[in-house]
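Visitor: I would like to go through this structure and hear the grounds for each label. Please show it first.

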Amino acid sequence: LAAGGVENARMLLVEADAGKLHDESGWLGRGFMEHPRDYSLTLAATVPSQRLEFLDTHVVEGATVCGRLALREEAILREDLPNASVTVLPMGRPLRPFHWRLERLARRRFGVSLSWPPGFGWSRLPRFARPFSGFQVLINFEEFPHPDNRLVLDTATDALGVRRTRLQRRWQRADATRHERLRSRVALGLAEIGLGPLSIGPLVQPDANSHHHMGTTRMGADAKAGVTDVHGQVFGTDNLFVAGASVFPAAGFANPTLTSIALSLRLARWLKGGTA
């Protein structure tokens, strides 16, 4: 199975509901995780943009890379923080009619996009095209796995008559506490390196709509700890394997694609008879 964090679990839940699969761990469909994002911190426009250019995208040897700020490991462990990274993006002022004409001229005559707000690639804009009202501090952080965040079979069915899934998920109190400590630590760190003034908005439930579905068929050391073993083989089966982010026992803060590919390649080598 390599159909994503929702469909992998759905197919196994359907089999379990039919009595064809036994989940000894109780984790099947549970431990759903996303990548929450916090938008409550902003840097003032008075911060020189050249100090932040490293955090924009750059092409290095044919690959596009982006600078990010991260937490030190000792701070994460000492303060029980979720792992996280910080991205900085410009916030644009409303454009006047003159600026719209300038944008059209730049695109038509010089092939330069002055779309607003510019997003990644802003540091390559000419100086006159940077009338930013400030910079958005985007905190990407990990969500801890919780058994109550889960997928369950719904009464509705798809076009083939197979039951659909429904997500039961809520922001846990422990997550909210870690989120508050994380935001305070990031704000303090930005102040320590001289990036400010910093505006701190109200602490609200973070945006969890990054479309990174993880953890619903988590791997474990044995059948009581997870749905699959360390190779992705479903416990209690001889020829059923799961690939993708659904086997993640923890989410981390980074996009899951490269880790999913690495686990899939490892599984392919193991199935072929090589070493994992």
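Guide: Buried means under 20% relative accessible area. The model is a predicted one. In helix H4, the buried residues are Asp 175, Arg 178, His 179, Leu 182, Arg 183, Val 186, Ala 187 and Leu 190.

Visitor: What covers the buried residues of H4?

Guide: The cover includes strands E1 (37–44), E4 (69–70), E5 (84–92), E6 (132–141) and E9 (198–200).

Visitor: How do you know that the span of H4 is close to the one expected?

Guide: The expected span is 1.5 Å times one less than the number of residues. H4 covers residues 173–192, which is 20 residues, and 28 Å is expected. From the first C-alpha to the last, H4 reaches 29 Å, close to that value. After H4 comes Gly 194, with a positive phi near 85°.

Visitor: Why are Phe 132 and Phe 135 called an edge-to-face pair?

Guide: Rings pair if their centres lie within 6.5 Å, and planes over 60 degrees apart count as edge-to-face. The centres of Phe 132 and Phe 135 are 5.6 Å apart and their planes stand at 75°, so the pair is edge-to-face. By this rule there are five aromatic pairs. Ring pairs also link Trp 122, Phe 132 and Phe 135 into a cluster.

Visitor: Why is Phe 132 called buried?

Guide: The cut-off is under 20%. Phe 132 has a relative accessible area of 5%, so Phe 132 is buried. Phe 135, at 2%, counts as buried too.

Visitor: What makes Phe 141 and Trp 171 edge-to-face?

Guide: Their ring centres are 6.2 Å apart and their planes are at 70°, so this pair is edge-to-face. Phe 141 belongs to strand E6 and Trp 171 to the loop between E8 and H4, so the pair ties together parts 30 residues apart in sequence. Both Phe 141 and Trp 171 are buried.

Visitor: How do you know that the charged end of Arg 178 sits over the ring of Phe 144?

Guide: CZ of Arg has to be within 6 Å of the ring centre and within 35 degrees of the ring normal. The charged end of Arg 178 is 3.9 Å from the centre of the Phe 144 ring and sits over that ring. Likewise, the charged end of Arg 218 sits over the ring of Trp 27, 4.3 Å from its centre.

Visitor: What makes E7 and E8 paired strands?

Guide: Pairing takes at least two bridges. Strand E7 (residues 150–157) and strand E8 (residues 163–168) have five bridges and run in the antiparallel sense. Arg 150 has Gln 168 in E8 as its bridge partner. The two strands form a hairpin with five residues between them, and Gly 161 in the turn has a positive phi of about 85°.

Key
Residues are numbered from 1 along each chain as its sequence is written. This is a predicted model: local features need pLDDT of at least 70, side-chain atom pairs count only at pLDDT 80 or more; totals for chains, interfaces and linings use all residues. Side-chain values use heavy atoms; hydrogens and water are left out. Helices (H or I, at least four residues) and strands (E, at least two) are DSSP runs, numbered from the N terminus. Buried means under 20% relative accessible area, exposed over 50%, partly exposed in between (1.4 Å probe, protein chains only). Contact means heavy atoms within 4.5 Å. Rings of Phe, Tyr and Trp (its six-membered ring) pair if their centres lie within 6.5 Å; planes under 30 degrees apart count as stacked, over 60 as edge-to-face and the rest as tilted.
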